[in-house]
Amino acid sequence: MSAKYGGSVYLVSAIVTLSAAVMVIASRPLLPVGIIIKLISIPLIFILLNSMARQQDIYFWLNLGISRIEYYAIPYAVDLAAFVILMIISCAIGNAI
């Protein structure tokens, strides 16, 4: 269900994550820069998407039994886990090249 209500978060975060991964593959010393970019982008994405979202949408998901914490935290937790895994893979590929 998080793919339905967090789809826009996943899409925007995937763009940032993939750009950071490509940057790390190209030059491994840029790993801290990629991490900083990701840490800065998470609150910006949260603020922008919540300011543009319709407020009625959250009540639909709350009525289905999803809590506010789940509504806001699950997309970002999944994104952070994907980012960590992708950075590990990118570092390994960067070392192999």
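Start by selecting S13, which sits in helix 2. Helices here are DSSP runs of H or I with at least four residues, strands are E runs of at least two, and both are numbered from the N terminus. This is a predicted model: local features need pLDDT of at least 70, side-chain atom pairs count only at pLDDT 80 or more, and totals for chains, interfaces and linings use all residues. Residue numbers run from 1 along each chain as its sequence is written, and side-chain values use heavy atoms, with hydrogens and water left out.

**Stop 1: around S13.** S13 counts as buried because its relative accessibility is 1%. Buried means under 20% relative accessible area, exposed means over 50%, and partly exposed lies in between (1.4 Å probe, protein chains only). Now show the partners of S13. Leaving out residues up to four places away in sequence, S13 touches K38, I45 and D79. A contact is a pair of heavy atoms within 4.5 Å.

Stop 2: D79 belongs to helix 5 and K38 to helix 3, so the pair ties together parts 41 residues apart in sequence. The rule asks for a side-chain nitrogen of Lys or Arg within 4 Å of a carboxyl oxygen of Asp or Glu. By that rule the count is one salt bridge. Both D79 and K38 are buried. Side chains of opposite charge can pair when their charged atoms come close.

**Stop 3: helix 3.** Select residues 31–52. These 22 residues should span 32 Å at 1.5 Å a residue, and the end C-alpha atoms are 31 Å apart, which agrees. The expected span is 1.5 Å times one less than the number of residues. Which residues of helix 3 are buried? They are G34, K38, S41, I42, I45 and L49. The buried residues of helix 3 pack against helix 2 (7–26) and helix 5 (68–96). Next, pick V33, also in helix 3. V33 is partly exposed, with a relative accessible area of 37%.

**Stop 4: the cores.** Select A20, A21, V24, F83, M87 and C91, the six residues of the largest nonpolar core. Helix 2 and helix 5 are the elements that give two or more residues to this core. Apart from it lies another core of five residues, among them V9, I42, L49 and Y76. A nonpolar core is a set of buried Ala, Val, Leu, Ile, Met, Phe, Trp, Tyr and Cys residues joined through side-chain atoms within 4.5 Å. Return to C91. Setting aside neighbours within four places in sequence, C91 is in contact with V24, R28 and L31.

**Stop 5: the surface.** Select I25, I85, I89 and I93, which make a nonpolar surface patch of about 320 Å². Helix 5 supplies the largest share, three residues. I25 is in helix 2. At 30% relative accessibility, I25 counts as partly exposed.

**Last stop: the whole chain.** Zoom out. The protein chain has five helices and zero strands. Of its 97 residues, 28% count as buried. Among contacts with a separation of 6 or more, 74% come from residues 24 or more positions apart.

Conventions: Patch = residues over 30% accessible without salt bridge, like charges linked within 9 Å, V, L, I, M, F, W, Y side chains within 5 Å. Areas by Shrake-Rupley, 256 points an atom, 1.4 Å probe, with all protein chains shown as cover.
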